[in-house]
Amino acid sequence: MKICEIFHAIQGEGINIGKPSIFIRFFGCNLACTWCDTPYSWQKDAADFETMDLNTIITKVESFPCSHIIFTGGEPTLFQDNIKTITDTLGENYTFELETNGSMPIKHDLWQTINISPKLANSGNHPYL
Ligand code: SF4
């Protein structure tokens, strides 16, 4: 799995704002917003990720004193089967939140919280161009 970063921080948006969380940021996005604040999570020239196996991801997650995980990107819904493998392995002691641009169908019933951030005409994405 191509992972940009896994880190422990405070959620800064949505209903869980202020909640200590573990962020897992996947590399790859289906959009290309002109004002994107994480170009390293999808742009070829700015790419910054490591290829991690499941065991490496689980070990990193379990190193933090936290049981709430936020999957972000990039666009994490491109990697829903990988995410399900992670959540199935972590099990019921964790809660899961998704940050998405809302352009892809949700495949699995994994989520306690979904934050949808639609990209409008000012994003520069097709079909707005
Ligand atoms: S959808 Fe999000 S990650 Fe993808 S280009 Fe737009 S702002 Fe960046």
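## The buried ring cluster

Both Phe71 and Phe96 are buried, meaning under 20% relative accessible area, while exposed is over 50% and partly exposed lies in between (1.4 Å probe, protein chains only). Keep in mind that this is a predicted model, where local features need pLDDT of at least 70, side-chain atom pairs count only at pLDDT 80 or more, and totals for chains, interfaces and linings use all residues. Residues are numbered from 1 along each chain as its sequence is written, and side-chain values use heavy atoms, with hydrogens and water left out.

How many aromatic pairs does the structure hold? There are five aromatic pairs. One of them joins Phe71 and Phe96, a tilted pair with 6.3 Å from centre to centre and 50 degrees between the planes. Rings of Phe, Tyr and Trp (its six-membered ring) pair if their centres lie within 6.5 Å; planes under 30 degrees apart are stacked, over 60 edge-to-face, and the rest tilted. This pair links distant parts of the chain, since Phe71 is in strand E4 (residues 68–72) and Phe96 in strand E5 (residues 95–100), 25 residues apart. Strands (E, at least two residues) and helices (H or I, at least four) are DSSP runs, numbered from the N terminus.

## Trp111 joins in

Phe71 has another ring partner in Trp111: the centres are 5.7 Å apart and the planes sit at 75 degrees, so this pair is edge-to-face. Trp111 lies in the loop between E5 and strand E6 (113–116) and Phe71 in strand E4, so the pair ties together parts that are 40 residues apart in sequence. Put together, ring pairs link Phe71, Phe96 and Trp111 into a cluster.

Why does Phe71 count as buried? Because its relative accessibility is 0%. Trp111 is buried as well, with a relative accessible area of 15%.

## Around the ligand

Which residues surround the ligand? They are Cys29, Leu31, Ala32, Cys33, Trp35, Cys36, Thr38, Trp42, Gly74, Asn101 and Lys119, with "near" meaning a heavy atom within 4 Å. Sorted by class, this shell has seven nonpolar, three polar and one charged residues.

Leu31, one of those shell residues, lies in the loop between strand E2 (20–26) and strand E3 (50–51). Not counting residues up to four places away in sequence, Leu31 touches Trp42, Asn101, Lys119 and Asn125, where contact means heavy atoms within 4.5 Å. Leu31 and Gly74 both belong to the shell; they are 43 residues apart in sequence and 8.6 Å apart in space, C-alpha to C-alpha.

Thr100 is found in strand E5. Is Thr100 buried or exposed? With a relative accessible area of 7%, Thr100 is buried. Leaving aside neighbours within four places in sequence, Thr100 is in contact with Glu75, Thr77, Ile114, Asn115, Ile116 and Ser117.

Gly102 lies in the loop between E5 and E6. At 43% relative accessibility, Gly102 counts as partly exposed. Its C-alpha is 5.4 Å from that of Ile116, and Gly102 and Ile116 are 14 residues apart in sequence.

## A look at helix H1

Lys60 lies in helix H1 (residues 54–62). Lys60 is partly exposed, with a relative accessible area of 37%. Between the C-alpha atoms of Lys60 and Ile86 there are 12 Å, and the two are 26 residues apart along the chain.

Key: Nonpolar A, V, L, I, M, F, W, Y, C, P; charged D, E, K, R; others polar.
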